[in-house]
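Thank you all for making time this morning.

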There are 2 protein chains.
Amino acid sequence: MRWTIGFDGDDTLWHNETLFSMTQERFRALLAEEVSPDDLDARLLDTERRNLEIFGYGIKGFVLSMIETAVEVSAERVPASDIRRILDFGKEMLRHPVELLDGVAETIEALSGRHDLLLITKGDLFDQESKIARSGLAEHFRGIEIVSEKDPETYRRVLARHGVGPERFVMVGNSVRSDILPVLALGARAVHVPYHVTWAHEQADPPAEGYLRAASLADLPDLLAAL
Amino acid sequence: MRWTIGFDGDDTLWHNETLFSMTQERFRALLAEEVSPDDLDARLLDTERRNLEIFGYGIKGFVLSMIETAVEVSAERVPASDIRRILDFGKEMLRHPVELLDGVAETIEALSGRHDLLLITKGDLFDQESKIARSGLAEHFRGIEIVSEKDPETYRRVLARHGVGPERFVMVGNSVRSDILPVLALGARAVHVPYHVTWAHEQADPPAEGYLRAASLADLPDLLAAL
């Protein structure tokens, strides 16, 4: 059977959350004299969640939330040199090379001959486009959809736009909340490929059944053959 | 004739640049003791241009560039309370109500019955989606395209996606650089509706001919009838 396979980008095709984690580690070191690492993490997550409805997802919003958190935890005493460092963290993230996960390039290339592939990724339009271009994978996808939120309505719109029924669609991604649950809600299939780090905001309790799980994207061709 | 009409969003359908101008005015006042208004404007534009290739367009990148400029012009002496103020400027911009230009609601509604309307807007995905939703105009458009850059290739892709030939396409917008020139390059038509403020980066020398000009969107139905 020829499937339409949707792939998430961040932490499914290329590393992303490790970049955030590394940056957050540097942020902790920068403010170590002001606040303990655990407290800072909690304050930053609070700030990010509060800002999500106006900033959306992505690096620029993350940087703005780090700056806001630094101002707050320091009671407005953080020096401008630290603010400059945080701005630099952000620029380094935005310029960071795109690193594909193991086996991704081969698997995507192999699957693109037998199935229709869509890239369905959430986040900042400009940054995602830049990452897709730098990934070297763009030519293998029939369509690329950069969306601001991954809910059932978003997937419904994407499938309609590409003329695909849910019975022929499989979504592959690392986030149960964004890549699995909304797709199951449409009656389509989903394959969870966990990444070793998950942003606290993305964590959702996995339902007991209804979707497949793969340790690596390289297992996908066998999984599909067995569907 | 039934046209497919593409509309720009910012400063064509709703006010946008005035919001940036107002914020920049507050930014000048905040740093008035450090630097003259003209110098600050020049430094900020430099910073924005330098950052454009990693930030793209939009309010979040503008806020990050204001913070960077404040750190630089103060030689790292800007107090954290000023940084907080700049963050607040950004949040106010993101939450600001969407204000349609005069005559837009009526014109869009009237045209949507006789032509196919597309909204083709550049900028931050999340912020643009939010503005479109709040504009109350979304239902009148056959398609909504949020793009990171408006060049001939972008327009070619949008037209292909909607199955529209350039001979049936008219683009309407306030930016000669983004809405007019790349569309003329495809052999389609364009109507320039100037806005009273243009961001320095968007200014382009208008070519002498090849496109129409309207003082207001309300003139569009008559212009189209005469095409």
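Let me begin with chain A, where the C-alpha centres of domain 1 and domain 2 lie 28 Å apart, and please keep in mind throughout that this is a predicted model. The domain assignment gives domain 1 of chain A as 4-14 + 98-226, and domain 2 of chain A as 17-95. Where these two meet, 12 residues of domain 1 of chain A are in contact with 13 residues of domain 2 of chain A, and the domain 1 side of that contact has 4 nonpolar, 4 polar and 4 charged residues.

Now to the sheet of chain A, which is open and built from 6 strands with parallel pairing, in the order E3-E2-E1-E4-E5-E6. Strand E3 (143-147) and strand E6 (212-213) of chain A stand at the edges with a single partner strand each, so one side of each has no neighbour in the sheet. Further in, strand E1 (residues 4-7) of chain A runs parallel to strand E2 (residues 116-122) of chain A, and 4 bridges join them; here Thr4(A) stands opposite Asp116(A) in E2(A). Helix H8 (residues 176-185) of chain A lies across E2, E4 and E5 of chain A, and runs at about 160° to E5(A).

Finally, how many residues does each chain bring to the contact between chain A and chain B? Chain B gives 28 residues and chain A gives 28 residues. On the chain B side, the largest share, 8 residues, comes from H4(B), and the residues of that side divide into 14 nonpolar, 5 polar and 9 charged.

Terms used. Residues numbered from 1 in each chain as written. Chains lettered and ligands numbered in written order. Predicted model: local features only at pLDDT ≥ 70, side-chain atom pairs only at ≥ 80, totals over all residues. Contact = placed C-beta atoms within 7 Å. Helix = DSSP H or I, 4+ residues; strand = E, 2+ residues; numbered from the N terminus. Nonpolar A, V, L, I, M, F, W, Y, C, P; charged D, E, K, R; others polar. Domains from an automatic or database assignment. Pairing = 2+ DSSP bridges. Axes fitted to C-alpha atoms, helices over the stretch in contact; angles between N-to-C directions.
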